[in-house]
Amino acid sequence: PETITEAKGKGIVASEEVATMEVDQRRLLHESVVKKLKAGSLKEQWTAPIGLTPAPASRLRNFIIVSEILVGEAGDTVTVPYVKDFDLDILSNVGDALTPKTGLLGTVTTTLKEAAATTSLAYADVEKMTEQVIGELEGKFGQASYRAEDKELLTVLYADSGVPEVDHSADSPAAFKASYIAEALGKMLLQGKEVNFGDCVLVINATMYEKLLADIAGTQSLAFARPDAIRDGQIRQLMGVNVSISNYLPSGGTPAKYSAYLIHKNAGVLAPKRDILIETERDTAGRKVKVTGSHTFGRVILDNKAAVEILTAFTA
């Protein structure tokens with residue numbers, strides 16, 4: 001703290017001041033956009049940053065590799081570099097020859113996807129707008145972008161036939177128990193993956209989350225170990241695994257049954273091209289202002305053995 005205080009006079013800005021400056025800049029941007037829209041500007045365009053979201057509805061970008069921003073248009077094939085985990089060879093004698101490892105460094109290709117939404121505001125509504133409305137709009141587009149990323153990441157996992165499975169699709173009644181997590185962790189370890197505390201995220205939907213809470217509440221040992229789950233109704237981590245709630249779990253079969261996933265942080269890469277792009281365009285004939293937000297990103301699975309699909313009996 002003393003160093004920061006002394007240095008501030010020398011042109012170095014403390015972290016809390018940087019955060020305040022960023023908030024002020026966003027507010028000024030929002031005020032400028034509202035002012036121009038009210039003045040009749042035909043077109044406006046700006047970007048909104050995407051960060052991390054808090055648990056328990058944490059998104060997958062919090063728990064996997066996020067690459068540097070890519071350059072390209074939606075539909076373009078782009079290249080994503082990667083580095084995989086590896087073990088050192090234990091040599092019998094110092095200086096012995098090494099066997100080269102393959103696939104540790106490399107690149108994979110993925111196609112950029114675009115997720116977008118549009119709406120319209122009547123001129124009369126634009127006149128009532130404030131800078132807070134723009135901030136709220138950015139927030140809603142941000143949450144929608146997180147969900148779009150989740151859906152695409154889970155979709156590519158579901159389409160990969162090489163992902164190991166834990167099958168509870170015949171359970172009756174449908175349930176999601178803490179033991180499923182232990183079973184999935186064991187399956188991942190059998191694939192030769194090193195799993196440390198916080199390395200994995202469990203992706204389940206709201207119904208599975210409810211069943212998991214009920215399982216903890218009904219199991220004396222779990223209730224003793226995780227009283228916060230009963231007291232607060234929230235599970236952020238269990239057995240060293242982060243918990244994420246998503247309503248975009250993939251399903252298949254007849255009848256269609258939903259799959260949950262245990263995903264290691266090294267399983268895949270999310271490659272966002274840029275922050276959310278928000279655009280407005282005045283429809284003079286319709287007396288409205290069109291508002292469109294879009295998010296472009298790539299997603300690719302690096303290691304399909306670093307994830308486990310948990311087949312469930314849930315059909316809704």
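The model is predicted: local features need pLDDT of at least 70, side-chain atom pairs count only at pLDDT 80 or more, and totals for chains, interfaces and linings use all residues. Residues are numbered from 1 along each chain as its sequence is written, and side-chain values use heavy atoms, without hydrogens and water.

Start with the largest pocket. Its volume is about 460 Å³. A pocket here is an open set of points on a 1 Å grid over the protein atoms alone, where a 1.4 Å probe fits, with protein on both sides within 12 Å along at least five of seven lines; lining residues have an atom within 4 Å of a point. The volume is the space filled by probe spheres set on the points. There are 20 lining residues, and Lys84, Asp85, Phe86, Gly192 and Lys193 are the closest to the centre. The lining holds nine charged, six nonpolar and five polar residues. Asp, Glu, Lys and Arg count as charged, and Gly as polar.

Next, helix α6, residues 206–217. Helices are DSSP runs (H or I, at least four residues), and strands are E runs of at least two. Twelve residues at 1.5 Å each should span 16 Å, and the end C-alpha atoms of α6 are 17 Å apart, which agrees. The expected span takes one less than the number of residues.

Met208, Tyr209, Leu212, Asp215 and Ile216 of α6 are buried (under 20% relative accessible area, 1.4 Å probe, protein chains only). They cover an arc of only 120° around the axis, so they sit on the same side of α6. The arc uses directions from the helix axis to the C-beta atoms.

Finally, Ala267 lies in the loop between β11 (257–264) and β12 (268–272). Ala267 is buried, at 1% relative accessible area. Its C-alpha is 8.9 Å from that of Val300, 33 residues away in sequence.

Notes: Buried < 20%, exposed > 50% of the residue type's maximum accessible area, 1.4 Å probe, protein only.
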